[in-house]
Amino acid sequence: MLQRATNLITWPPLAEGETPHGISLTADEGTWIKLSDFADHLNVVLVFFRSLTDTDTDAWLTEWHRRRGQLEQLETVVFGIHTSRTERLREFRHRLGLDFFLLYDPLAIESRALRCSSRVRPVTSDNVVVIGKDGLVMHASRARSEPGDVLAMLAHVVREVR
C-alpha cells in the first residue's frame with residue numbers, strides 16, 4: 001500500500017538504454033534546442049534543477065560549468081532545465097557565470113515526459129539525464145548526480161567505443 005502511494009508522488013528514473021522523449025525547448029538566449037539535433041554528433045547532459053534561489057543549487061550548477069571543458073573533450077554538451085521564463089533564466093545564468101544554456105520548460109511538460117518533475121506540482125526536480133550520441137539514455141538519476149561521476153561514466157563509454 002505504501003509503495004502505491006509513493007508511486008502517485010514520484011516515479012522511477014528512465015532506464016539505461018531507453019529511448020527518451022524528444023524534448024524541444026527554448027534556451028534562455030532564445031535559441032530553439034531539440035534533442036534530435038544532437039543525435040549522432042554529441043552526448044547530451046540534461047541537468048534539471050528546482051531552485052533559482054538555493055546556494056546548493058548554485059554550487060551544483062557552477063560545478064557543471066567548471067567541468068564543461070572536460071565534458072566537451074568527451075563530445076558532450078550540457079543544458080540546465082527549469083520552469084522559469086527565459087528572462088529569469090538568463091539573469092540567473094549570468095549571475096552564476098554559466099557557459100551553458102538554461103532551457104525554459106513551461107509547466108514542466110518536457111520534464112514530466114523525462115520523469116524529472118514532481119507528479120503533483122508543475123515544477124522540475126533535481127535530476128540528471130545523460131543521452132548518448134545514439135539517442136539512448138546512458139544515465140538517469142532521481143538526485144543531483146555529481147559532474148565527476150558523469151565524466152567517469154562518459155570516459156568509460158568513449159574508451160569502449162574506441
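Colleague: Hi! What should I know about numbering and confidence before I start?

Modeller: Residues are numbered from 1 along each chain as its sequence is written, and side-chain values use heavy atoms, leaving out hydrogens and water. The model is predicted, so to speak of local features we need pLDDT of at least 70, and side-chain atom pairs count only at pLDDT 80 or more, while totals for chains, interfaces and linings use all residues.

Colleague: Thanks. Which residues of the largest nonpolar core touch the most other members?

Modeller: Val 45, Phe 49, Leu 61 and Trp 64, out of 24 residues in that core. A nonpolar core here is a set of buried Ala, Val, Leu, Ile, Met, Phe, Trp, Tyr and Cys residues joined through side-chain atoms within 4.5 Å. Buried means under 20% relative accessible area, exposed over 50%, and partly exposed in between, with a 1.4 Å probe and protein chains only.

Colleague: And which elements each supply at least two residues of it?

Modeller: β3 (43–48), α2 (55–66), α4 (86–96), β5 (102–104), β6 (127–131) and α6 (147–161). The largest share, four residues, comes from α6. Helices (H or I, at least four residues) and strands (E, at least two) are DSSP runs, numbered from the N terminus.

Colleague: What does Val 45 touch?

Modeller: Leaving out residues up to four places away in sequence, its partners include Trp 64, Phe 79, Val 129 and Val 150. Contact means heavy atoms within 4.5 Å. Apart from this core lies another, of 19 residues, among them Phe 38, Leu 46, Leu 114 and Ala 140.

Colleague: On to rings. How many aromatic pairs are there?

Modeller: Two. Rings of Phe, Tyr and Trp (its six-membered ring) pair if their centres lie within 6.5 Å; planes under 30 degrees apart count as stacked, over 60 as edge-to-face and the rest as tilted. Phe 49 and Phe 92 form a stacked pair, 5.8 Å centre to centre with 20° between the planes. Phe 49 is in the loop between β3 and α2 and Phe 92 in helix α4, so this pair ties together parts 43 residues apart in sequence.

Colleague: Now charges. How many salt bridges does the whole structure have?

Modeller: The search finds 13. A salt bridge is a side-chain nitrogen of Lys or Arg within 4 Å of a carboxyl oxygen of Asp or Glu. One of them joins Glu 18 and Arg 115 (3.7 Å, N to O). Glu 18 sits in the loop between α1 (2–9) and β1 (24–27) and Arg 115 in the loop between α5 and β6, so the pair ties together parts 97 residues apart in sequence.

Colleague: Which residues are linked in a network of salt bridges?

Modeller: Arg 50, Asp 54, Asp 126 and Arg 144. Asp 54 and Arg 144 meet at 3.4 Å, N to O.

Colleague: What about Glu 110, which has no salt bridge: where does it lie?

Modeller: Glu 110 is in helix α5 (residues 109–113). Glu 110 is buried, and the nearest side chain of opposite charge, Arg 112, is 11 Å away. For charge, Lys and Arg count as positive and Asp and Glu as negative, with His and the chain ends not counted.

Colleague: Which backbone nitrogen lies 3.3 Å from a polar atom of its side chain?

Modeller: That of Ser 24. Beyond four places in sequence, Glu 110 is in contact with His 21, Ile 23, Ser 24, Leu 25 and Asp 105.

Definitions and conventions
Polar contact = N/O pair within 3.5 Å; in protein donor to acceptor, adjacent residues only side chain to side chain.
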